[in-house]
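Please read the points below beside the sequence and the model.

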Amino acid sequence: MPPYTNAIASFWKDRLATGPRAPARPQAHHLFRNASLPIDSARTRAQAGSLAGRMRGDGRHILLIPGLLASESRMEAMRGILNEAGYDAHGWGMGRNFGPKSDSLERIDRRVDEIRRESGSKVTLVGWSLGGLFAREYAKYATGKVGGIVTMGTPFSGDPRANHAWRLYQLVSGFPVDQPPFACCREEKPPVRTIALWSRRDGVILPECARGRSGERDQAIEVDCTHMGFAASPEGILAVGQALAMMD
């Protein structure tokens, strides 16, 4: 047997380890409804002008952080609408999100500093799914640079395995879902205004985990969309605008 066989077997075992089974997960029929992403995207393209017209931006800097395996392009429609509405929205500049790394917070910090270079004003973070966890932890790491946080379908509360994505997370990131590569307390509320968007129809994340409990976020807003729809559907994008308006 080649000497590297055990190393390869251990590598995949660690990444695919099952861990304790969550007592509840999202219903399968809601998961399958995420296949409506192309329809959601088409509706958003058709309504982009009117969606922007229903928001009132104030020039605030917004940093959009994508979810697991998503690239900046997945949030480009939202970025365009926020900019047209009068905000100053930015991509995170780190390419596709392959999960947390030991230097993830430092890299986000460098991006935030780039955005703040001209105005010096704080940056509001909008994070989708895993991107919302990045946003919450970064706000604890660099509180003085963050003006607020909006999470979209982010599993910051409850069992980290109460979803249909944690095995994929472990496969892609190489870390157990409950042992990220930097200090993290998912349920601890960041010391800035934090609004959680959640949906009964999410399908990927258990709604209770994205809604959170009192004390884990300042406010929770229910959105009628799928998990993929948070970043692509008119309903998800309008909910982000609503949350931003609440931070004025």
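The points that follow concern pockets, a cavity, nonpolar cores, cysteines and backbone angles.

1. Basis of the note. This is a predicted model, in which local features need pLDDT of at least 70 and side-chain atom pairs count only at pLDDT 80 or more, while totals for chains, interfaces and linings use all residues. Residues are numbered from 1 along each chain as its sequence is written, and side-chain values use heavy atoms, with hydrogens and water left out.

2. The largest pocket. A pocket is an open set of points on a 1 Å grid over the protein atoms alone, with protein on both sides within 12 Å along at least five of seven lines; lining residues have an atom within 4 Å of a point. The largest pocket has a volume of about 600 Å³, where volume is the space filled by probe spheres set on the points, and points are joined across faces, edges and corners. It is lined by 30 residues, and those closest to its centre are Leu68, Ser129, Leu130, Pro155 and Tyr169. Helix H6 (130-141) and helix H7 (166-173) each supply at least two lining residues, and H6 gives the most, with four. Helices (H or I, at least four residues) and strands (E, at least two) are DSSP runs numbered from the N terminus. The lining comprises 22 nonpolar, five polar and three charged residues; here Ala, Val, Leu, Ile, Met, Phe, Trp, Tyr, Cys and Pro count as nonpolar, Asp, Glu, Lys and Arg as charged, and the others, Gly among them, as polar.

3. The second largest pocket. Its volume is about 160 Å³. The lining consists of Arg54, Met55, Arg56, Tyr87, Leu238, Gly241, Gln242, Ala245 and Asp248. By class, these divide into four nonpolar, two polar and three charged residues.

4. The cavity. A cavity is a set of grid points where a 1.4 Å probe fits but cannot get out. The whole structure holds one cavity of 30 Å³ or more, and the largest cavity contains about 40 Å³ of space. Leu64, Glu72, Met75, Glu76, Arg79, His90, Gly91 and Trp92 line the largest cavity, with helix H4 (76-85) and strand E2 (88-91) as the elements that give two or more residues. Three of the lining residues are nonpolar, two are polar and three are charged.

5. The nonpolar cores. A nonpolar core is a set of buried Ala, Val, Leu, Ile, Met, Phe, Trp, Tyr and Cys residues joined through side-chain atoms within 4.5 Å. Buried means under 20% relative accessible area, exposed over 50%, and partly exposed in between (1.4 Å probe, protein chains only). In the largest core, of 30 residues, those that touch the most other members are Ile62, Met78, Leu82, Val126, Met152, Leu197 and Leu244. Elements giving two or more residues to this core include helix H3 (37-53), strand E1 (61-65), strand E4 (146-152) and helix H10 (234-245). H10 provides the largest share, five residues. Apart from this core lies another, of 26 residues, among them Leu130, Leu133, Val146 and Ala196.

6. Contact means heavy atoms within 4.5 Å. Leaving aside neighbours within four places in sequence, Met152 is in contact with residues including Met75, Met78, Trp128, Phe230 and Val240. Thr151 is found in E4 and is buried, at 0% relative accessible area. Not counting residues up to four places away in sequence, Thr151 touches Gly127, Gly132, Arg136, Phe156, Ile195, Ala196 and Leu197.

7. Cysteines. How many disulfides does a search of the whole structure find? The search finds zero, a disulfide being a pair of cysteine sulfur atoms within 2.5 Å. For Cys184, the nearest cysteine sulfur, that of Cys185, is 7.1 Å away. Cys184 lies in the loop between H7 and E5 and is partly exposed, at 34% relative accessibility. Cys209 is buried, at 5%, and its sulfur is 14 Å from the closest cysteine sulfur, in Cys184, too far for a bond.

8. Backbone angles. Most residues other than glycine have a negative phi. Leu69 has a positive phi, near 70°; Leu69 is placed in the loop between E1 and H4 and is partly exposed, at 29%. Ser129 also has a positive phi, of about 55°. Ser129 lies in the loop between E3 and H6 and is buried, at 11%.
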